Amino acid sequence: MRDPTPASTTRSARQATTSPRSPPSRYRLIVNGHRAWEQSDACNLDMPGAAHLVVIETPQELVAIKAFVMNLPSGTAGNAIWIGGVQPKTATSPSDGWIGFDGEPLLYGWGGSEPNDSPNNGESDHAEQFVAMEKALPYFLDIPGGNTFGALCECDGKAIDPNAAILVDSYRPPP
Ligand SMILES: [Ca+2]
Ligand SMILES: [Ca+2]
């Protein structure tokens, strides 16, 4: 049996009233470690159709999240979080083709030698196809999605972009 007026609808409507054009984002830190696609699933379930792994859309949001990552609570798996970015297997260089989970080209947040598709420093094996930020390296890092990190979820009234979701699914190991 389905409630015709689920709580999530009520909350979305309230947000829309407060700020009709762009609901304020709310964030949730997951400290337990899971693989990138599992953390994506967990974030989506925060409010189905309205939440996803964080999409960093503006330089201001990047600054705020960097500050947050530098102060990650101890106990956050890997001292790192997954964020909402993924690269297709059609990429021909480590920096090629990245999209955010909103389907837009990923905001430039790389640092150091990233993205490098380590350890071979080439995109031929597509070893690093997801994006994380580490407490000690608070910029975008391309990392194999099978690493178990914490995650930062964002609820902003939007679902993960369908093309991003297809890419995420393409990296799930066979059941
Ligand atoms: Ca890569
Ligand atoms: Ca890397």
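Author: Proline 115 sits in the loop between strand 4 (99-100) and strand 5, where helices (H or I, at least four residues) and strands (E, at least two) are DSSP runs numbered from the N terminus. The model is a predicted one, in which local features need pLDDT of at least 70, side-chain atom pairs count only at pLDDT 80 or more, and totals for chains, interfaces and linings use all residues. Residues are numbered from 1 along each chain as its sequence is written, while chains are lettered from A and ligands numbered from 1 in the order in which they are written.

Glutamate 114 is joined to proline 115 by a cis peptide bond, with omega about -5°. Proline 119 belongs to the loop between strand 4 and strand 5 as well, and a cis peptide bond with omega about 5° links serine 118 to proline 119. Histidine 126, which also lies in the loop between strand 4 and strand 5, has a positive phi of about 45° although it is not a glycine. Most residues other than glycine have a negative phi, and most peptide bonds are trans. Histidine 126 has 16 other C-beta atoms within 10 Å and is therefore partly exposed, a class that falls between buried (20 or more such atoms, placed from the backbone) and exposed (12 or fewer).
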